[in-house]
Amino acid sequence: MTAPWTPMRWPDAWKDPRMLDLLKGTAIDHLVIGMGAELSAVRSRAAQGGLHVSAPGAPPVGVEIVKGEWPGVKMERAGGGAGAGPTGNPWVDSNGWAIRLAAALHPESAVWVDAAPAGNAFITAGSYLIAVADSAAYGGRWIVSLDNSLATSLAAGKSDALATWKRLAAAAGFFAAHKAWPAYAPMAVVGVVSGFTGENEFFSQELLNLLARAGQHCRILPKGGITDASLVSLRAAIYADADPPAPALRKRILAFVEAGGMLIAPPTWGEVPGTPIRDGGNPRYSMRALGKGKVAVAVAGRDDPYLWANESIVMVSHRYDLVRFWNSGAAGSFCTVAPDGRQAVAHLLFYAYRGPDSATVRIAGVYRAVRAYTADNPAATKVEWAPQTGAVEIHLPPVPQYVALELDI
Amino acid sequence: MWNAAAALAGASLARAAAPTAPVSVARCKTYDPAELVPTMRKMFDQLGGLGRLVKGKTVAIKINLTGSPTYRLGYLPLEDTHYTHPHVIAAAAHLMAEAGARRIRLLESPWATADPIEEYLLRANWEPRDILGAAPNVEFENTNYLGSGKKYSRLTVPFGGYVFPAFDLNHSYADCDVFVSLTKMKEHATAGITLAMKNCFGLTPCTIYGTGAGIDEPSETPHGGRTTVHAGDRQPSKSAPPEKDPRSPRQDTWRVPRTVVDLVAARPVHLAIVEGIKTMTGGEGPWIPVEQKLVAPGVMVAGLNPVSTDAVAMAVMGFDPMADRGTPPFERCDSTLKLAEEAGVGTRDLKRIEVAGASIAEVKFDFAAIRRQRRAAPPRPFGIRG
């Protein structure tokens, strides 16, 4: 995955090319500008200034567009509080899973997220930070899209708007300065195997969404491209499709189980070898032991992706959590490892209106050193950390909504 | 006037009639098994020996894992502040097995989940195998829902109950010979203190008594907390016995102490263990919005009657177990101990309780003084950043 550009959707109201001066010194280097004649001067001057320019709906070659959600804690209508999922946890909208799916389906492409604020929304600087980080942490790029109020205030040169812009630009610049990160390999506990299209599209994609909401780290495995390497280091594979796997894929996944992995599958998977396990712990699944591993077949089939997501996490076990948070509020994370295997990066996202005061995070793995970075302060921040058995525990000072932890392996 | 005098006389009679049992008190400064296990063994010996209580029996131990496992007081591990420490749980299980217990079942109704307790512990950063491995016959059950039972067990309150005449609980609270309440020594925002009796508030499954309980039948899985009991804003699922009087006060400071007494009367506690080696001040968990501190009283209290054990533990905390509503730690709530005493569960009168081991004065850790200081200070801003 690559991220060669930092894109921005040019506000239609900015007809004066002098507004391009705002971009000087920022990482924004690709403008998506409307095709109206009133913006032709902007298009010309942008191109003359060395900026890449494209039209809405016509991304450059090598870019996949993900139609995303405005990331954050979902608020209820009529000024109510934060919405909650069935377990009572805050309901977080994130585009991370969709970015990773696009990357899995188009590994050579960059992924841009098109998620504009609602027309009448007032967006805080912190919310813009989340919008930038929620895409960039997962290797994508949010198409910077300003709310109408901010665009108008910036055009008027208002100082509070400029402060918000500065913070947004700093966040975009932070990720642009870490161009190598999108190429880092994601760490995962479970693999989700699907074609992700057709009759399997809803269930498989909703499963990815809900697994991410529950904090599970997934490797997305399109059915057509699975090799022996695809399943390496995973604890489990979830086969999410209604149709049975092709014989070669079936053989490969069962070999993974025999070596100690777990397969979670619908009954359409077909006959499962191995011996029945009498009390498998969850009556919704028929369990069988196979080699060193287990197969869990959902008795009711692909009935509810929410249940599948949350039950799979317990069946796999929190023992293998890559990341655990304390005092984080609504949080998300994405962990990657450098191609040379010498460094890992854990992206931590806190979706509330501000970052936590005293969060603790536990990252699975053995590490020699930990450094924290925030988009506001690209210099490393000192953090207290302590090794645990097979993990490190890090005590974060008061932080903004995004923190990157660099961990030396 | 006559009524008040009669009530007073009645209360005195109830106090005199309430059963008593010895309570053991010990200094224990660390969670190091080398100190913890012999300390607890000696305490149980002072109570007449564990074998007499558990040999050949199924023992159910209600532990205290209140609140979400992802919520800490600052950076502190949960076991140092508000969860029963895993070493204490493991030591208790080890000693029970050593004394001949046939089966040891560790029970809790964890926050808003039907997940196995082992998974809940992992989220708290504990290793459940350390507890399961403490003896050959240890197991967990999540009692916040039906669990592994085929149906809920109805446990009746022998004295008729203050709020509830009976409860429908997870089968584990009926399918045991010996019931143990193993808890942390803490203050409590609603009930003043949380010791062996208050720990039993968590017996109630949220599928019946919780925010998301089913209306007619229990829900399949628990959602949210126990507002049904706290606020009385609704009745339990219709399949369970309703409150005796739906017009009774709806204040949690009235309802929670009474419901706790109903529970300990319905599910008698054979052994109460209060762990105060390390704990927190200011409430039962880090979500209570007052100044809270990690403290290390270095003390354990155990007894065969939960009211007497809690009375001694209260005294160790610097509180008067005879305190009534309006007096610390019951400034704004009723005293669970007084209500339990009046219901004939046990005495809170220190003059009637035999204390073995260390004296109360020797191990006293003055929560009461910290409480006075805290309550005299202006309220703190919320969060570090105010």
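Figure 1. The C-alpha trace of chain B spans about 60 × 55 × 50 Å along its principal axes. Of the 386 residues in chain B, 59% are buried (under 20% relative accessible area, with exposed over 50% and partly exposed in between; 1.4 Å probe, protein chains only).

**Figure 2. Confidence in chain A.** The pLDDT (the predictor's confidence in each residue, from 0 to 100) averages 94 in chain A, and 96% of the residues score at least 70. Residues 76-80 of chain A have a pLDDT below 50, and this stretch has 4 contacts (heavy atoms within 4.5 Å) beyond near neighbours in sequence. Where pLDDT is low, the predicted coordinates should not be read in detail.

Figure 3. Thr275(A) lies in strand β14, residues 275-276 of chain A (strands are DSSP runs of E, at least two residues, numbered from the N terminus). Thr275(A) is partly exposed because its relative accessible area is 49%. Leaving aside residues up to four places away in sequence, Thr275(A) touches Met287(A), Arg288(A) and Ala289(A).

**Notes.** Residues are numbered from 1 along each chain as its sequence is written, and chains are lettered from A and ligands numbered from 1 in the order in which they are written. In this predicted model local features need pLDDT of at least 70, side-chain atom pairs count only at pLDDT 80 or more, and totals for chains, interfaces and linings use all residues, while side-chain values use heavy atoms, with hydrogens and water left out.

Key: Helix = DSSP H or I, 4+ residues; strand = E, 2+ residues; numbered from the N terminus.
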